[in-house]
Amino acid sequence: MPFYEKEVGTLLDEKKVQARVRELGAEITRDYQGSDLTLVCVLKGSTFFAMDLARAIDLPLEMEFLGVSSYQGGTETTGEVRITTDVSKPMAGKHLLVIEDIIDTGLTMSFLLESLRARHPASLKVASLLEKPSRARTKIQIDYKGFVIDDVFVVGYGLDYGEKYRNLPFIGVMKGK
Ligand code: XMP
Ligand code: MG
């Protein structure tokens, strides 16, 4: 029996996730034909999604990583967002696609977009694997969206509960949370 089976149920299985990521990759490939592209991956949660998405995009691209802290662990937001690891070079004049695992209240993305916009990119768009619209506190335009989900705490495919479960190949729900 897998280690997580007592605590985690399946919300979106691996096949569904992979199929949707490939669709998003094809869409991004079409939209960015002829322009440069920089994926700005938000640590740590979006990394699994970002790696698969990058491989599904048939274009030359650059990858940058940005760390933010908005959750102190557990399942509750603290409301505070700050950049803990910044990208490695200037973003001015670049076509940026921010890659997130999930947009929940939207506060993290809203802060990130403001911070990136201030660096004068050529364009700025958002890809998020998941959206929890029921919890939105600010409106975020998600240009490439994987799945819309209910207000449940999800883990797996990069998402964690107390830093655990990121390595599950599917999107799961914590049983009893
Ligand atoms: P906000 O509320 O700012 O949150 O849109 C975005 C960040 O919060 C984390 N988050 C979750 N992490 N399961 C997780 O593992 C969840 O259900 C969940 N909801 C929000 C996530 O890090 C995201 O970047
Ligand atoms: Mg995150």
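Which polar backbone atom is 2.8 Å from an oxygen atom of ligand 1? In this predicted model, where local features need pLDDT of at least 70, side-chain atom pairs count only at pLDDT 80 or more, and totals for chains, interfaces and linings use all residues, that atom belongs to Asp104. Residues are numbered from 1 along each chain as its sequence is written, chains are lettered from A and ligands numbered from 1 in the order in which they are written, and side-chain values use heavy atoms, with hydrogens and water left out.

A polar side-chain atom of Asp101 lies 3.1 Å from an oxygen atom of ligand 1, while a nitrogen atom of the ligand has a backbone N or O atom of Val154 at 2.7 Å. Of the 500 Å² of accessible area that ligand 1 has on its own, the protein covers 92% (Shrake-Rupley method, 1.4 Å probe).

Around ligand 1 there are 16 residues, of which Thr105, Gly106, Thr108, Val154 and Asp160 come nearest (a residue is near if one of its heavy atoms lies within 4 Å). Strand β5 (95-103) and helix α3 (107-117) each supply at least two residues of this shell, and the largest share, 4 residues, comes from β5; helices (H or I, at least four residues) and strands (E, at least two) are DSSP runs, numbered from the N terminus.

Elsewhere, Thr29 has its place in helix α1 (residues 14-31), and Thr29 counts as buried because its relative accessibility is 11%, where buried means under 20% relative accessible area (1.4 Å probe, protein chains only). The side chain of Thr29 reaches the backbone nitrogen of Asp58 at 3.0 Å.

Definitions and conventions
Buried means under 20% relative accessible area, exposed over 50%, partly exposed in between (1.4 Å probe, protein chains only). A polar contact is a pair of N or O atoms within 3.5 Å; within protein, one must be able to donate a hydrogen and the other to accept it, and residues adjacent in sequence count only if both atoms are side-chain atoms.
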